[in-house]
Amino acid sequence: MTKQKFDDLATDYDASRPRYPDELLAHVVAALPTGRRLTVLDAGAGTGIALEGLVGLLGEEHDYVAVDVSGGMVEVGRAKLGFVDWHVEPVEPALARYRESLDLVVAAQAYQWLDRERFVREALAALRAGGVLAVLQNNRDHESSAFLAAYEDLLERCSPGYSRDYRAFDVAQELAGPFRAAGGTVTTHAVTWSRPSEVDAFVRMAASSTQVQRGVTAHGPVVLDEVRALAAAAAHDGVVDVAYRSEAYLARRPG
C-alpha cells in the first residue's frame with residue numbers, strides 16, 4: 001500500500017495527542033442501544049485514541065473494528081489495543097462490507113479527510129436499528145486563547161494550504177439529510193476544557209501534525225523554533241494552557 005502522510009508520525013502522534021473528555025464520550029455511550037453485544041467500527045481510527053475512551057466506558061466485552069489507511073498508525077494501535085480487529089484500508093469501501101450489522105460508527109478527527117457524502121451514506125446503511133454514527137472533534141479553541149490564535153497565525157503563514165477554518169462546514173446538516181430522511185435523529189454536544197502542557201510536550205504534539213510537517217518541509221526546522229518560542233512566551237512555570245472545544249455529532253438510525 002502507498003505510504004500515507006501519518007505513517008512516520010504514528011508513535012509521536014499517539015503519545016502527544018489529547019484524548020476525548022469522558023463527558024463527551026458519555027453522550028455517545030448514552031445514545032447506544034442497550035441489552036445486546038455491540039459492534040463498534042472506528043473509521044479513520046489512527047492509533048485508536050477514540051477507542052481508548054470508548055472501551056473504558058463500554059468495556060472489552062463488545063466487538064471492536066478499527067480501519068485506517070496508515071499502516072504506521074494501525075501498527076501502533078494494534079500494539080496498544082490488541083483485542084481490536086485492525087484493518088489497513090480506506091474507510092468508505094470497508095464500510096460497504098457491513099450492512100445493518102454495526103451499532104456504532106465513529107469518525108474521530110477523521111471526518112474532514114473522508115469522502116463525507118459517501119461516508120455518511122455508507123455508515124447509515126451499515127448501522128443496525130438504533131445504531132449511531134458519531135463524528136467527534138477535538139478543536140483547539142483559538143477564539144478563547146491569544147496563544148492559540150497566534151499559533152494558528154503561524155500555521156497559516158508557514159504551512160502551505162492550511163486554514164484554521166478547515167473544519168468550517170456544517171457537520172450536523174451533512175448528517176441530518178440522510179438520517180432524517182430515514183426517520184432518524186441528529187443531536188450535538190460540546191465540551192470546553194483545557195489541557196496543561198509543558199512547552200516541550202506542546203512542541204512534540206505540534207511536530208506530529210501534518211500542518212507543522214508541511215511547514216517544516218517548506219521552511220525548515222525554524223518553524224519548530226517558532227512554535228517553541230510561542231509556547232514559551234505563553235507558559236507559566238514552563239506549562240502552557242491549551243484550550244479545546246470538543247464536539248460530538250450523533251446521528252441515530254431509527255430503531
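**Salt bridges in the predicted model**

The side chains of Arg-37 and Asp-63 are joined by a salt bridge with an N to O distance of 2.9 Å, the term denoting a side-chain nitrogen of Lys or Arg within 4 Å of a carboxyl oxygen of Asp or Glu. This pair links distant parts of the chain, 26 residues apart, with Arg-37 in the loop between α2 (22–30) and β1 (39–43) and Asp-63 in strand β2 (residues 63–68); helices (H or I, at least four residues) and strands (E, at least two) are DSSP runs numbered from the N terminus. The structure is a predicted model, in which local features need pLDDT of at least 70 and side-chain atom pairs count only at pLDDT 80 or more, whereas totals for chains, interfaces and linings use all residues. Residues are numbered from 1 along each chain as its sequence is written, and side-chain values use heavy atoms, with hydrogens and water left out.

By the salt-bridge rule, the count comes to 18. In one of these, the closest N and O atoms of Arg-99 and Glu-122 are 3.0 Å apart; Arg-99 lies in the loop between α5 (91–95) and β4 (102–108) and Glu-122 in helix α6 (residues 116–126), so the pair ties together parts that are 23 residues apart in sequence. Arg-99 is partly exposed at 44% relative accessibility, while Glu-122 is buried at 10%, where buried means under 20% relative accessible area, exposed over 50%, and partly exposed in between (1.4 Å probe, protein chains only).

A salt bridge also connects Arg-128 with Asp-103, with the closest N and O atoms 3.0 Å apart. Arg-128 belongs to strand β5 (residues 127–140) and Asp-103 to strand β4, 25 residues apart.
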